[in-house]
Amino acid sequence: MSGFALSRRSLIGAGIGGATLVGLGGLPAAAGQTRLRMFWWGAKERAERTDKVNQLYLGSHPDMTIASETLGWTDYWARLATQTAGRNAPDVLQMDYRYIFEYARRGALLPLDAYVPKALNLSDFSPAAVDSGKVDGKIYGVSLGLNSTAMVYDKGLIQSLGLKEPVWNMTWNEIGDLAAEITKAAKRDGFTGMEDGGGNEPLLEVWLAQRGKSLYTAEGKVGYDDKDMTEWLAFWSDMRKRGASAAPDVQALDRGEIDSNLLSLGKIAMTFAHSNQLVGFQAINKSKLGLSTFPDGGQGAKPGQYLKPAMMWSVSAQSKQAEAAVQLVSYFIADTEAGKLLGVERGVPASSAVRNVVTPMLDDLGRAMVDYISLISDKVGPLPPPPPRGAGEIQAVLRRVNEQVGFGRLTPADGAKQFVAEASAVLARG
């Protein structure tokens, strides 16, 4: 494989620093044993489910050990980039649609086509589910489940305040009005109706799509202009002024993980996430949570959300145990006993056999996720163009610029100009 060239700029953009690695298992392998390393991002709920599947797998593979590592979203990508650049990548790694093109095209991932169907069972995946893990016609990722962006909200709190819950066709202004009402009714210091979404890239992507724009064009350039970004940053500036969304110093507590999300910290009632994350959020929130869509673009708007692989398993091109790594991936996505343990925490299973076994077992939370995917399936748009090289850095730029606007260091117009210039420069460097 070619080396995974990673610049210092990329590491900074990915947010390296302050990461805490959590080891979940694995012992030094004895002579003759196969030792795999597995790495994923996620909260405690996911770690526990993943560890149970690994333990089940090891029960029938006594000659194997699995060393598991997990981090939060932001630190995960910094750590993975560092490991890959240092030729120390884990054998099995969790991959996102945002990054798979960049990693695959830099030769960091193993093409899996040659392992189908003997070692990798995709027999009951839909063609769309298989295609979602392809880059330039080759399979580099295997879907762990379908999901979409979603609003997770404190159902118990909103009901106790006597306010209406968010519904799928509320406009941005209507959601803003509801957030302001929640803030006023809750009467808590430092508490607001919703997060400051100005630095949330998936939220921006939906907003742009509703306006007929995109984060990235098919040619790998930014799909918006200064005017779009000025309106975006101005909307969130107004939300902060109204007390509808979190103040910048409060929003800064959110490190992009469920544990540090302001909803989990009791600072807001509504946050923007992905549908499969409802399980993780509910696991650490005492109040009953609900699921709704992102705001609607209003009359005449285009669909903003889309169905996507919640996340994928990929195998490192550096792996010296590729066959064993692929077999472990296959177990996770196609074995029904593994599916029972995983549930829908990583999204609705792509394997129809696993989905048929798992669905009747779901609790109210799991059924809510399946119902949500059913609800939005006829309201979504097509999968957008893949993020180009360097796109992973832009999320950090967006968050930084939105913070500067929030602290009053930039106007929305100046912030928009700076963001578009920086994002364009990032993509130009590749």
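I began at Lys187, which lies in the loop between α7 (172-186) and β10 (192-194). I take helices (H or I, at least four residues) and strands (E, at least two) as DSSP runs, numbered from the N terminus. Lys187 is not a glycine, yet I read a positive phi of about 55° for it. I looked up its accessibility too: Lys187 is exposed, with a relative accessible area of 73%. My cut-offs are under 20% relative accessible area for buried, over 50% for exposed, and partly exposed in between (1.4 Å probe, protein chains only).

**Ground rules.** The model is predicted, so I note that local features need pLDDT of at least 70 and side-chain atom pairs count only at pLDDT 80 or more, while totals for chains, interfaces and linings use all residues. Residues are numbered from 1 along each chain as its sequence is written, and side-chain values use heavy atoms, with hydrogens and water left out.

**Asp136.** I found another non-glycine with a positive phi, Asp136, at about 55°. Asp136 sits in the loop between β5 (134-135) and β6 (138-139). Asp136 is exposed, its relative accessible area being 59%.

**Whole chain.** I counted 17 helices and 14 strands in the protein chain. Its radius of gyration is 21 Å, close to the 22 Å that the globule rule gives for 430 residues, so the chain is as compact as a globular protein of that length. The radius is taken over C-alpha atoms, and the rule is 2.2 Å times the number of residues to the power 0.38. I noted a C-alpha trace spanning about 65 × 50 × 40 Å along the principal axes. Of the 430 residues, 56% count as buried. I also looked at contacts (heavy atoms within 4.5 Å). Among those in the chain with a separation of 6 or more, residues 24 or more positions apart account for 77%.

**Helix α2.** I checked the length of α2 (residues 44-59): its 16 residues reach 23 Å from first C-alpha to last, close to the 22 Å expected at 1.5 Å a residue. The expected span is 1.5 Å times one less than the number of residues. Buried residues in α2 include Arg46, Val53, Tyr57 and Leu58.

How many residues of α8 (residues 201-210) are buried? I found 10 of its 10 residues buried, so I list the helix as mostly covered. Glu201, Pro202 and Trp207 are among them. The cover over α8 includes α4, β9 (149-154), α7, α9 (226-241), β11 (268-274) and α16. I then went to Arg98, placed in α4 (residues 97-105). Arg98 is buried, at a relative accessible area of 14%. Beyond its neighbours within four places in sequence, Arg98 contacts Trp73, Glu201, Pro202, Pro387 and Ala391.

**Loop between α4 and α5.** I noted a cis peptide bond joining Val116 and Pro117, with omega about 5°. Pro117 lies in the loop between α4 and α5 (127-131), and Asn121 is found in the loop between α4 and α5 as well. Asn121 is partly exposed, with a relative accessible area of 30%. Neighbours within four places in sequence aside, I found Asn121 in contact with Ser330, Ile333 and Ala334. I also took a distance from Asn121 to Phe272: 34 Å between C-alpha atoms, at 151 residues apart along the chain.

**Cavities.** A search of the whole structure gave me four cavities of 30 Å³ or more. On a 1 Å grid over the protein atoms alone, a cavity is a set of points where a 1.4 Å probe fits but cannot get out, and lining residues have an atom within 4 Å of a point. Grid points are joined across faces, edges and corners, and a volume is the space filled by probe spheres set on the points. At least two lining residues come from each of α12 (322-334), α13 (336-342) and α14 (352-358). By class I have eight nonpolar, four polar and one charged residues in that lining. Nonpolar covers Ala, Val, Leu, Ile, Met, Phe, Trp, Tyr, Cys and Pro, charged covers Asp, Glu, Lys and Arg, and the others, Gly among them, are polar.

Notes:
1 Å grid on protein atoms, 1.4 Å probe; cavity = no way out; pocket = protein on both sides within 12 Å on 5 of 7 lines; lining within 4 Å.
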